[in-house]
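Hello,

Here is the structure I promised to pass on to you. Please open it first and keep it beside you while you read my notes below.

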Amino acid sequence: MQRAVADSLEGVHAGLGETIGTTAAFGFAIALLVSGLASTSVGTQVILSFGIPFALIPVVAFTRRRDLMGNLVNHPLTTAAASLVAVLVVALNAFLLWQVVAG
């Protein structure tokens, strides 16, 4: 009986099928697919996070202006909290970008 070589994903899949059974091999394939999808979605959420400041900063700026918002203008405490969040988001995005560029 020749044993499958586990030096590739196909080899691991074949080895699981021979050693444990087809159910384990199928479970491995599903887990591999799900991990790839999870990785893709996290990468997409990271890329999309760079767009958040372009929406957040104008929202904070516009909602503090009484001439635009009338009676619905933000309270100064709300504006301060929203500004702090905007600064934090921009700083975290800058740090993430620096990490990617600097390695």
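Let me start with a definition: a residue is called buried under 20% relative accessible area, exposed over 50%, and partly exposed in between (1.4 Å probe, protein chains only). This is a predicted model, in which local features need pLDDT of at least 70 and side-chain atom pairs count only at pLDDT 80 or more, while totals for chains, interfaces and linings use all residues. Residues are numbered from 1 along each chain as its sequence is written, and side-chain values use heavy atoms, with hydrogens and water left out.

**The salt bridge**

D67 counts as exposed because its relative accessibility is 59%. Its side chain meets that of R65 in a salt bridge, at 2.8 Å from N to O. The term stands for a side-chain nitrogen of Lys or Arg within 4 Å of a carboxyl oxygen of Asp or Glu. R65 is partly exposed, at 34%. Searching the whole structure gives 1 salt bridge.

**Helix 3 and its neighbours**

Helices are DSSP runs (H or I, at least four residues), numbered from the N terminus. P53, V60 and T63 are buried in helix 3. Seen down the axis, the buried residues of helix 3 fall within an arc of 125°, so they line one face of the helix. The arc is taken over the directions from the helix axis to the C-beta atoms.

What covers those buried residues? Helix 2, helix 4 (66-69) and helix 5 (76-102) are included in the cover. In helix 5 you will find T79, which is buried at 12% relative accessible area. Leaving aside residues up to four places away in sequence, T79 touches V60, R64 and N74, where contact means heavy atoms within 4.5 Å.

**L16 in helix 1**

L16 sits in helix 1 (residues 9-19) and is partly exposed, with 22% relative accessibility. With residues up to four places away in sequence not counted, L16 touches G21, A24, A25 and F28.

Enjoy exploring!

Key: Helix = DSSP H or I, 4+ residues; strand = E, 2+ residues; numbered from the N terminus.
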